[in-house]
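Please keep the structure in view while reading.

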Amino acid sequence: MKKGIKSEKLEAAKTEAKVALVAKVGSLLGSGKLKSEREELQQRIFTLESQNEELIQHIKTMELEHRDERTKFNEYMDKIQRYFPYVDKLLPLIDFCRNTLRFSERVIQELCKLKKVRLKGDFYSPEFNRKFRDENAAVSFEEDKSRKGHYHICVNDIPLVQWFRQKANEWRNCLGIAPTKQDKGLKI
């Protein structure tokens, strides 16, 4: 009898130990709170991987669109270069007219068509740091005869730099100042 009671107690203790061990192992392996957190993290990983795949596809689509747009742009630029070869040479003149002479877009557009444009008003010279007035100036972009394919701004068929110098000499003469001689080079 004593042996039977001892063996029952031993079996009960053994069962309790197994249940405690299984509970501890279960909690370590993901039961309860840990299991739900793990499932949430796995769902988040799945969502992020899906978003990543979508972004990769979007990037590939955008790269293809960019390549197509770049090809169209290059074809467009090739046509401009083929049919308007002087446009590269006019760009610095356009910037000068816009930024220094303060011409309007309409005037610049007409000049780019290689037409003469009649203007009146003050024209600023960076060389003399002053404005010169003209009531009927015929401004145009003309091809430089000494350099084929190059253009310069002309006022009344005179290159702009010479026109400004002529106006400066006229201004000095009105003031009674002797005209200065323009040196072509440096003296050492």
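## The S3 and S4 pair

Strand S3 and strand S4 (residues 158-159) run antiparallel and are joined by two bridges. The model is a predicted one. Across this pair, Cys154 stands opposite Pro159 in S4. The hairpin of S3 and S4 has two residues between the strands, and Asn156 takes a positive phi near 55° there.

## The S2 and S3 pair

S3 also pairs with S2: five bridges join the two strands, which run antiparallel. Here Cys154 in S3 is the bridge partner of Ser140.

The four strands form an open sheet with antiparallel pairing, in the order S1-S2-S3-S4. S1 and S4 stand at the edges and have a single partner strand each, so one side of each is left without a neighbour in the sheet.

## The nonpolar core

Which residues touch the most other members of the largest nonpolar core? They are Phe103 and Val139, in a core of 24 residues. At least two residues of this core come from each of the helices H3 (87-99), H4 (105-112) and H5 (160-175), and likewise from each of the strands S1 (117-125), S2 (130-143) and S3 (151-155).

Leaving out residues up to four places away in sequence, Phe103 touches Cys97, Arg98, Ile108, Leu111, Leu119, Phe123 and Val139. In soluble globular proteins, nonpolar side chains tend to be buried together.

Methods
Residues are numbered from 1 along each chain as its sequence is written. This is a predicted model: local features need pLDDT of at least 70, side-chain atom pairs count only at pLDDT 80 or more; totals for chains, interfaces and linings use all residues. Side-chain values use heavy atoms; hydrogens and water are left out. A nonpolar core is a set of buried Ala, Val, Leu, Ile, Met, Phe, Trp, Tyr and Cys residues joined through side-chain atoms within 4.5 Å. Buried means under 20% relative accessible area, exposed over 50%, partly exposed in between (1.4 Å probe, protein chains only). Contact means heavy atoms within 4.5 Å. Two strands pair if DSSP finds at least two bridges between them.
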